[in-house]
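Work through these exercises with the model open. Try each task before you read its solution.

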Amino acid sequence: MKSLSAIVFFTLIFSLNGKAQPFTLTLDQALKQAQANRLELLNGQLQTQIAQSDEARRRARWQPQLKATADFRWNTQIQQSVIKNAPFANGQDVVLRFGTPIANVLNVQAEQKIYDAQSPIDRRINQVNVTTQQTTLEKTAIDIRQQVTEAYYQAVFNREKIRLSERARMRAQGYLEQAQTRLRAGTLLQTDFDRFALDLSNAELTYRNDQRDYSLSLDNLRYRINTTQTVEPADSLEALFTQFQEEATGSRVELKQEELSRQLNELNQQREQARLAPVVSAYGAYFAQQLADVFNPFQADTWYRYNYVGVQVNIPIFDGRQARLNRQDYVRRAQVNQNTILQLKNDFEYETRSAKNTLDQARENLVQTRKNIVQAQRILAVDRVRFDAGTLLMADFRNSEYSLQQAETNYLRSVYDALLGQLQLRKARGSL
């Protein structure tokens, strides 16, 4: 029997030690983990590297293009031609053979671009594309910071709700015990006792629901920072609220994105115009050809060499008005970008004013709910004395209890709303 008890004891110890302990982290730590773990940011970095490689490819196209070929040929039947009534053959037909059974060719060709009007525009387009990818990465990072911060706030809020519901449950348990004593003494009706029991049942239900909400919010936070480790927030709502600092207004990344899109459309318009400009290239080739009756690459006096150099100019004459039509489209797109920039500025100005008003209202509610808690606590303390003395009806006492619970809940909600208001204001000002 003792050995069985020991086995159970050590099994319990090992199970407790093996249980994963939650990792407590601050908001800054959560943001850093998301920065390191979120795959969207990794993909954004890879997309930036891909855009940077476009410029390397453009420069590579301006390097000399060299090509070497080797052609080993055996003419199984040599081509023939006939000269009718050849005067140098007394008017007879002459049959000519062209070539030899073996015809091997070795050659090296080189080409170098000299002038292409599209190249400098392509370089600027590549620069804009790199900046666009970097800006997209910045926008992704901002969105992730907002998601993680909201998830962190929600987890802290739900944890504070558990604290309030636990306090309310304990008060309801204490009131039920007092009511049971009075019921036994005959100073409380059974109906009134049942109401206290119902209050405790409702308080326990609220407590269980708050625990479930907290568990879901922790799972959401773990998902937002992309970790499999169990985490818990280390900060409180009050600490998060006091940590907030007003920051200078920055530039919204959406405006940067739209401006870059406008620049890209203007560059593409110029590139379409440059398509009609001449393209100048230099080229050259060196050949070594062997003509022999048998295959012997090392046979003397059978190799014949020739080479050439030149300059090639390609001048587009008519492309069916494709360049003109494309330029018109890019002009319209650039105008759309400009109009969108103006619209975004108006939207962001309104968003900032709205966020500021919402935050001011949340701060006013926070001050008022603090006062309401103090007043509700004072009223409940007085009513409890009166209820114990039998000079206050149970319904009035329960109303005082509900008033305190509502004041505490309102205060908690006002702190949470103020935090969200601060977050929205930072986003609206471009400082998130």
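Helices are DSSP runs of H or I with at least four residues, and strands are runs of E with at least two, numbered from the N terminus. The model is predicted: local features need pLDDT of at least 70, side-chain atom pairs count only at pLDDT 80 or more, and totals for chains, interfaces and linings use all residues. Residues are numbered from 1 along each chain as its sequence is written, and side-chain values use heavy atoms, without hydrogens and water.

**Exercise 1.** Find which helix supplies the largest share of the lining of the largest pocket.

*Solution.* Start with the contributors. Helix 4, helix 5 and helix 9 (394–428) each give at least two lining residues. Helix 9 gives the largest share, nine residues. Now look at the centre: among the 23 lining residues, Ser165, Ala168, Ala203, Thr206 and Gln405 lie nearest to it.

**Exercise 2.** Describe how helix 3 and helix 4 pack.

*Solution.* Take the angle and distance. Helix 3 (residues 39–61) and helix 4 (residues 118–185) pack at about 175°, with axes 9 Å apart. Next, classify. Angles over 145 degrees count as roughly antiparallel, and therefore helix 3 and helix 4 are roughly antiparallel.

**Exercise 3.** Classify the pair helix 4 and helix 5.

*Solution.* The axes of helix 4 and helix 5 (residues 190–224) come within 8 Å and cross at roughly 160°. That makes helix 4 roughly antiparallel to helix 5.

Conventions
Axes are lines fitted to C-alpha atoms, for helices over the stretch in contact, and angles run from 0 to 180 degrees between N-to-C directions. Angles under 35 degrees count as roughly parallel, over 145 as roughly antiparallel, 65 to 115 as roughly perpendicular and the rest as oblique. On a 1 Å grid over the protein atoms alone, a cavity is a set of points where a 1.4 Å probe fits but cannot get out, and a pocket is an open set with protein on both sides within 12 Å along at least five of seven lines; lining residues have an atom within 4 Å of a point.
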